[in-house]
Amino acid sequence: MQSTKKLFLLAIAMTLVVAYAVAAPAPQAGQDIRITNGPILAEVNGNAVVIAWSTDVPSSSRVWYATDKNNLTHVAEAPENGSNTHRVRIDNLRPDTTYYFQVESAQSRGNRGQGESEGVLSFRTLSSGAQTVHNQKPVVAATEAAAGMQENGKVRITNGPIIEEADGNHARIAWTTNIQGSTRVTYGTDMGNMSKLAEAPWGAGGLTHRVELKNLQPGTTYYFQAETGQAAGSEVESDIFSFRTPNNGEAAIRQQHPQMVRSEGQGSGQQVGSGQQVGAGAVDHPRMREALQALQQARADLQQAPPQLAGHRQNVINLVDQAIQEVNSAIQFAAQQGITSPDSRASQQSYVQPMASSANSTSPMITDAQRALVQARNALQQAAHHFGGHREKALDDVNQALQELSLGIQAAGQR
């Protein structure tokens with residue numbers, strides 16, 4: 001009798017376990033990762049910051065940041081170590097400068113999606129020499145609703161699109177807008193038939209839009225167009241761009257500007273619906289456009305150069321990224337203020353001879369990057385306006401990049 005009772009109780013217990021297992025919801029594919037604490041500014045000084053947060057599951061650690069809250073184009077990340085806690089350090093910041101950021105955690109394996117901090121946050125670096133501060137809360141930047149009211153509900157692409165990452169089978173494309181909206185990319189291998197569609201949930205990334213293109217073919221050229229719209233009818237489409245996926249075994253593409261193959265607005269700021277084309281105002285400022293193209297070329301050359309600069313190459317790339325952001329901001333400023341250039345002729349991009357110091361000790365890609373940086377500096381010096389101070393900041397970044405590159409070349413020559 002006693003054994004029968006024990007068997008009966010055991011059967012009930014097993015039934016409850018099975019019932020709970022059936023009723024308990026399993027994680028769904030694409031389910032968001034939840035940020036459970038933070039982010040906080042674990043450390044801040046004049047040139048660096050450490051941002052920390054925690055999530056409900058182990059995931060990656062990435063921070064998107066910039067000095068413009070609408071253009072979070074820089075990325076810093078820490079190696080994925082299977083932890084729920086995340087710490088990302090960002091170096092080479094400017095003293096006494098406000099930076100905007102958003103943290104992101106994702107799982108490359110498993111069946112979960114990704115989590116982002118709510119809204120865009122900000123912090124200010126300290127003055128040079130000031131003592132490091134710890135465990136500060138970031139400031140919440142202006143809300144998207146306020147931005148929408150300020151822009152009268154008209155959506156504009158403010159930066160990009162760029163290829164954040166691409167390998168032989170997938171690509172991640174990103175761009176930013178002035179207010180929230182939809183996130184869509186049409187693409188294909190034929191520019192006249194971009195029939196494939198990739199999209200992300202409405203407003204998922206705030207002002208930053210990211211789309212994953214999957215099931216791509218290695219070594220193949222793809223054409224694409226980014227689109228952001230609002231329910232009120234305001235929408236914007238980018239120009240048409242192209243990129244080529246790496247062949248199997250080749251290094252992945254990271255933070256690359258795609259090649260524009262057709263300007264929908266012919267660079268004149270033509271509107272689509274109530275939105276403004278991405279190239280607005282650029283045609284009126286040939287020197288700034290020349291500087292932008294030279295900087296993009298320098299970045300591409302640096303990424304393809306062999307790692308022989310004793311750690312200086314990444315510093316140069318970071319400075320080039322900052323200069324690209326400043327030039328984009330300058331062109332935007334000119335478009336918003338209605339500033340036109342007295343020199344409306346097409347830019348004549350002159351050939352710049354390589355510096356003698358690099359000819360015998362570095363790779364051709366480093367020499368090309370150095371030449372492109374000199375060309376960008378010359379174009380910025382010849383630009384007709386100050387562009388709200390953005391031209392001067394870009395010029396400072398380029399000069400620092402050239403100095404850092406020279407240090408790297410010297411270090412490589414001493415090996």
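Hi everyone. Let me start with a cut-off: a residue is called buried when its relative accessible area is under 20%, exposed when that area is over 50%, and partly exposed in between. By that rule R172 is buried, because its relative accessible area is 11%. Please keep in mind that we are looking at a predicted model.

So, R172. Which residues does it bridge to? One partner is E165, and here the two side chains meet in a salt bridge with an N to O distance of 3.4 Å. Both E165 and R172 are buried.

R172 also forms a salt bridge with E212, where the closest N and O atoms are 3.8 Å apart. R172 belongs to strand 12, residues 171–177, while E212 belongs to strand 15, residues 208–213, so this pair ties together parts that lie 40 residues apart in sequence. And is E212 buried or partly exposed? Its relative accessibility is 34%, so E212 counts as partly exposed.

Now let's move to another pair, R62 and E104. These two form a salt bridge as well, with 3.3 Å between the closest N and O atoms. The pair links distant parts of the chain: R62 is in strand 3, residues 61–66, and E104 is in strand 6, residues 98–106, which puts them 42 residues apart. How accessible are they? R62 has a relative accessible area of 13%, so it is buried. E104 has 4% relative accessibility, so it counts as buried too.

Let me put those pairs in context. The structure holds 20 salt bridges. R62, E104, E165, R172 and E212 are among the members of one network of salt bridges, which also includes E77, E164, R210 and R254.

Four strands make up an open sheet, in the order 5-2-1-9, and the pairing is antiparallel. Which strands sit at the edges? They are strand 5, residues 85–90, and strand 9, residues 133–136, and each of them pairs on one side only. From one strand to the next, the twist averages 15 degrees.

Within that sheet, take strands 1 and 2. Strand 1 covers residues 35–44 and strand 2 covers residues 49–55, and they pair in the antiparallel sense over six bridges. To pick out one of the partners, N37 has S54 in strand 2 as its bridge partner.

That's what I wanted to show you today.

Key. Residues numbered from 1 in each chain as written. Predicted model: local features only at pLDDT ≥ 70, side-chain atom pairs only at ≥ 80, totals over all residues. Heavy atoms only, no water. Salt bridge = Lys/Arg side-chain N within 4 Å of Asp/Glu carboxyl O. Helix = DSSP H or I, 4+ residues; strand = E, 2+ residues; numbered from the N terminus. Buried < 20%, exposed > 50% of the residue type's maximum accessible area, 1.4 Å probe, protein only. Pairing = 2+ DSSP bridges. Axes fitted to C-alpha atoms, helices over the stretch in contact; angles between N-to-C directions.
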